Amino acid sequence: MGNSLVERKPIQSREKDDHVIFGKNSDRPREEVQEVLYYPAMDHPPGTMLECTYIQIPQAEHTHAVVLSRPAWLWGAEMGANDQGVCIGNEAVWTREAIDPGEALLGMDLVRLGLERGDSAWGALNVITGLLERHGQGGPCREDPAPFSYHNSFLLVDREQAWVLETAGKLWVAQKVTEGVKNISNALTIGTQISAEHPELRSVAQAQGWWSGEGEFCFNEVFKSETPPARMELAKKRYSAGTQLLQQHDGAVTAKVMMSILRDKPSGICMDSGGFRTTGSMVSILPRDPTLPCIHFLTATPDPSRSVFKPFIFSESVTPVSKVISPHYGPDDPVRKQPRFQSQVERRHDLYKAHEAALQTMEINPDAGSVLTETLRMLEGQCLTDIEALLSGEIPADEELGDLFFDCVDTEMKFYQ
């Protein structure tokens with residue numbers, strides 16, 4: 001759940017700072033921990049099976065390198081990027097199509113699979129829809145025995161294209177974003193402007209009596225849920241606010257602007273409501289110039305208004321960052337055991353714990369909290385300045401780019417101590 005946003009300039013524009021900007025807030029159960037993981041590109045022997053969160057599927061012969069921000073209890077990811085310059089974020093949606101009570105692929109599994117197997121936004125979209133049709137989507141979407149499942153929408157972006165993919169069971173529809181800004185937020189957004197669709201989408205709608213077969217086919221009207229959860233009303237507010245905030249900067253959205261939008265609490269984009277909050281955030285710069293690296297900023301901590309966006313760049317040698325990796329329990333994990341979710345385990349990583357302690361300090365001592373926040377913003381601001389210099393050619397790219405995320409996490413930890 002959450003908000004995914006993108007600004008994409010017209011393909012004809014080739015300004016000095018001609019970049020696609022992607023942003024995503026992951027709104028999840030309040031106590032859920034999100035970790036950041038890097039997996040290198042790999043080749044896999046034919047016939048290899050892949051263990052996803054709940055089911056096994058055939059592994060691809062080759063998987064791309066990926067960086068993922070994911071709830072620590074599952075296999076997939078809420079958002080991430082690959083070394084081909086593709087970013088994906090997903091959102092929960094509810095539709096007229098019944099949610100399958102059985103275990104299948106989670107939407108978060110599909111995010112990771114799309115990144116590992118897709119060499120472009122369109123390629124990743126085809127990976128996701130193909131897997132969706134073969135394996136379906138379903139299963140518990142939080143680490144809790146109480147039922148909580150949903151269908152998914154996705155924002156898929158690369159250096160040249162952006163796509164919105166919305167699903168209802170195994171059915172799907174997609175819209176290509178040609179220019180300007182676009183956001184999604186826990187609601188169906190595709191109406192009549194359909195660029196691609198499941199071949200049986202309209203015939204199923206007609207057979208179910210949801211569409212007469214006459215006139216224009218409007219996906220979000222035909223498939224909207226008749227009994228939407230109460231949180232859908234808040235989603236409408238966030239979607240509208242996200243659109244307005246993006247349009248205010250249309251044509252001039254930078255990584256810094258995108259971070260400020262993701263930090264916006266009055267709109268609900270930075271969620272802190274009841275049992276849910278923003279548990280992780282990501283902003284990516286995707287230069288149109290293929291000689292320039294893509295930059296992915298991730299927080300690895302909740303509440304972006306009180307977190308630091310730290311830059312990650314794919315390189316030949318990426319330094320592992322153990323401080324943002326949660327404890328893993330293998331086959332003894334309560335998620336793996338049947339029946340699932342019968343107990344809880346410690347999933348907080350080192351940065352999460354340090355950040356948690358810092359938030360408590362901010363609450364108890366606002367003055368000290370303000371000083372810490374200002375210091376962390378200076379760290380983030382210096383990172384942004386250095387990245388701008390890198391992308392403008394003022395400073396050269398070097399082999400140390402793979403250490404960048406590690407160095408920033410290490411510095412943030414020192415500030416907390």
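This is a predicted model: local features need pLDDT of at least 70, side-chain atom pairs count only at pLDDT 80 or more; totals for chains, interfaces and linings use all residues.
Biologist: What percentage of the residues count as buried?
Modeller: A residue is buried when its relative accessible area is under 20%. The protein has 417 residues, and the share of them that falls in this class is 58%.

Biologist: How many helices and strands does the protein have, and what is its radius of gyration?
Modeller: The protein has nine helices and 19 strands. For 417 residues the globule rule gives 22 Å, and the value for the protein is close to that, so it is as compact as a globular protein of that length. Along its principal axes the C-alpha trace spans about 60 × 55 × 50 Å. The radius of gyration is 21 Å.

Biologist: Of the contacts between residues at least 6 apart in sequence, what percentage join residues at least 24 apart?
Modeller: A contact here means heavy atoms within 4.5 Å. Among contacts between residues at least 6 apart in sequence, the share joining residues at least 24 apart is 71%.

Biologist: How far apart are the mean positions of the positive and negative charges?
Modeller: The protein has 39 positive and 59 negative charges.

Biologist: How many disulfides does the structure hold?
Modeller: A disulfide needs two cysteine sulfur atoms within 2.5 Å. C52 is in no disulfide, and the nearest cysteine sulfur, that of C141, is 14 Å away. For C408 the nearest cysteine sulfur is that of C383, at 3.4 Å, and C408 is in no disulfide either. For the structure, the number of disulfides is zero.

Biologist: Are C52 and C408 buried or exposed?
Modeller: The limit for a buried residue is under 20% relative accessible area. C52 has 0% relative accessibility, and C408 has 6%. C52 therefore counts as buried, and C408 also counts as buried.

Biologist: Which residues of helix α6 are buried?
Modeller: Helix α6 runs over residues 255-262 and is mostly covered. Six of its eight residues are buried. They are A255, V257, M258, M259, I261 and L262.

Biologist: Which residues does M258 touch, not counting residues up to four places away in sequence?
Modeller: M258 is in helix α6 and is buried, with a relative accessible area of 0%. Its C-alpha is 9.5 Å from that of M282, 24 residues apart in sequence. The residues M258 touches are L5, V6, I21, F22, G23, L246, V253 and V283.

Biologist: Where is A65, and which residues does A65 touch beyond four places in sequence?
Modeller: A65 is in the loop between β7 (62-63) and β8 (66-71). Its relative accessible area is 4%, so A65 is buried. A65 touches Y38, Y39, P40, A41, A81, N82, D83 and F314.

Biologist: Which residues is L188 in contact with, leaving aside neighbours within four places in sequence?
Modeller: L188 lies in the loop between β14 (180-184) and β15 (196-197). L188 is buried, at a relative accessible area of 13%. The C-alpha atoms of L188 and P327, 139 residues apart along the chain, are separated by 36 Å. The contacts of L188 are V93, T95, E166, F219, N220, F223 and K224.

Biologist: What is the phi of N186, and what is the phi of D303?
Modeller: N186 is found in the loop between β14 and β15, and at 4% relative accessibility N186 counts as buried. D303 is in the loop between β18 (295-298) and β19, and at 7% D303 counts as buried too. N186 is not a glycine, yet its phi is positive, about 60°. D303 is not a glycine either, and its phi is also positive, about 60°.

Biologist: Is the peptide bond from Q338 to P339 cis or trans?
Modeller: P339 is found in the loop between β19 (310-312) and α7 (350-364). The omega of the peptide bond from Q338 to P339 is near -10°. That bond is cis.

Notes
Residues are numbered from 1 along each chain as its sequence is written. Side-chain values use heavy atoms; hydrogens and water are left out. Buried means under 20% relative accessible area, exposed over 50%, partly exposed in between (1.4 Å probe, protein chains only). Helices (H or I, at least four residues) and strands (E, at least two) are DSSP runs, numbered from the N terminus. The radius of gyration is taken over C-alpha atoms; the globule rule is 2.2 Å times the number of residues to the power 0.38. Lys and Arg count as positive and Asp and Glu as negative; His and the chain ends are not counted. The place of a charge is taken as NZ of Lys, CZ of Arg, CG of Asp or CD of Glu.
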